[in-house]
Amino acid sequence: MRRFSTQSFLFILLGLLPFLFAGRLMGQELPAVVVNEIMASNANTLADEDGDFSDWIELWNTSGEAVDLEGWGLSDDDDAPYKWVFPAVQIEAGAYLLVWASNKERSAVVGELHTSFAISGDGEPIVLTNAEGERVHRMPPMPLGGDISYGLLPGEEGFFFFDEPTPGLANTTVGYVEVLEEGVNFSHSGGFYPEDFVLTLSVDDPELTIYYTLDGSEPDAAALEGSSFLYKNSYPGGSLQEGSSRTYVYSDPISIGDRSAEPYVLAGINARYSGSPYLPQSANIFKGTVVRARAVKEHALSLRTDTESYFIAPEGAGRYDLPVVSIATDWAHFFDYESGIYVAGKYADEWVAANPGESWDDGRPGNYNQRGQDWEKPGHFEYFPGNGDPAYKHDVGLRIHGGWSRAFYRKSLRVYARNAYGSGNTLAYPFFGELPSQGD
């Protein structure tokens, strides 16, 4: 008797999903073609042929026959169903078709399809109409944050939110019935304090659980036992070392104190293509504590992370004469061997292996020399003005900036404000005194 492994069965089952649930969701009949999944704020999920991260709409043929879409309409307006019209294209039985909602208006039979409209992140209906003028399917308007999709879930009725979108594939990741807006309350605001203190976290809804981190990473239920990555401290050669981030469930107050006597970690990672890290000269480095917290509820998608940075020093806010910036992000975003933006990493090693006998210098490829949105990492930006005013905060994207300086052990960063990160697309603060801020 031939035996199948559980893994083989899982792959077979996933491959059959479009047909097992074809035309039905929890007993409810579906049209032959439906709007299966949409994304209105595409920050990093998938790029189109131009390299742009445009909005997208995914159709699913739930039937057992190919459907000719010529003359069908897609729209974000109930009163204008043919805002964009399909060319002579077919969607095969059980297949998925991705249409970019990019404002680019491309209707060629060959190549990617682009509508004449984009989807508002505040929520718009998506209407599919056939060539005879009959409304085939409608997805209701729903506000969507960055890289969050909205769509159908095989075997379930209604629409769901996804934080792991699947453009062009069946929706097999976890679907959520609501998006949480509530944040976490901190007993102390971020800033400089002269003495240690105890920080308490709370939420107004007793059904919510608080997850938090102390290493700059986003709180994540999947990281309660730790989430590891690999980095390297010696080039060429050298072995890979393991770093990790961890999420905790909040139950007791958190002690906030001066951590300067603790061993440094980040400063000991090699940010250049060299045989050893550039270690600081002193035994201690003044350190802060970054607390990131998120409220979590079963079957709900938690998007909001609240962040506060604390610095303990006898001088309090008088420790520095200049403003202070705190940037919080998962340290794997900067130091991971394959994808970290702050290190030479995999790209440098691959260049050396492909060019034997040639010397590597600061102008050669390295992770930190990569450019574009694929090398932009999410983070949190806090600016402490030093005059007693509250910190200015913004969720941002981070990239390495500069030319040759990218290979230095200290690197310049670009900070990007985008709607997809949830805090708006401008840094509206007078960072340079009387000069107008970007938001003025």
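1. Four strands make an open sheet in the order S28-S29-S30-S31, and the pairing is antiparallel. The model is a predicted one. S28 and S31 (412-416) are the edge strands; each has a single partner, so one side of each lacks a neighbour in the sheet. On average, neighbouring strands here are turned by 45° against each other, direction ignored.

2. Within this sheet, S30 (residues 392-401) runs antiparallel to S31, and 5 bridges join the two. Ile400 sits opposite Leu413 of S31.

3. S28 also matters for the description of the second largest pocket: the largest share of that lining, 5 residues, comes from S28. Strand S25 (289-296), strand S27 (306-312), strand S28 (324-328) and helix H2 (331-335) each contribute at least two lining residues.

4. The second largest pocket holds about 1700 Å³ of space. Its lining counts 40 residues; Leu266, Ala267, Ile285, Phe286 and Ile327 lie nearest the centre. By class, the lining has 26 nonpolar, 7 polar and 7 charged residues.

5. A further open sheet has 4 strands in the order S7-S6-S11-S12, paired antiparallel. Its edges are S7 (84-85) and S12 (135-139), each of which pairs on one side only.

6. Which strand pairs with S12, and over how many bridges? Strand S11 (residues 126-129) does, in the antiparallel sense, over 4 bridges. Thr129 has Arg135 in S12 as its bridge partner.

Conventions: Residues numbered from 1 in each chain as written. Predicted model: local features only at pLDDT ≥ 70, side-chain atom pairs only at ≥ 80, totals over all residues. Heavy atoms only, no water. 1 Å grid on protein atoms, 1.4 Å probe; cavity = no way out; pocket = protein on both sides within 12 Å on 5 of 7 lines; lining within 4 Å. Points joined across faces, edges and corners; volume = space filled by probe spheres on them. Nonpolar A, V, L, I, M, F, W, Y, C, P; charged D, E, K, R; others polar. Pairing = 2+ DSSP bridges. Axes fitted to C-alpha atoms, helices over the stretch in contact; angles between N-to-C directions.
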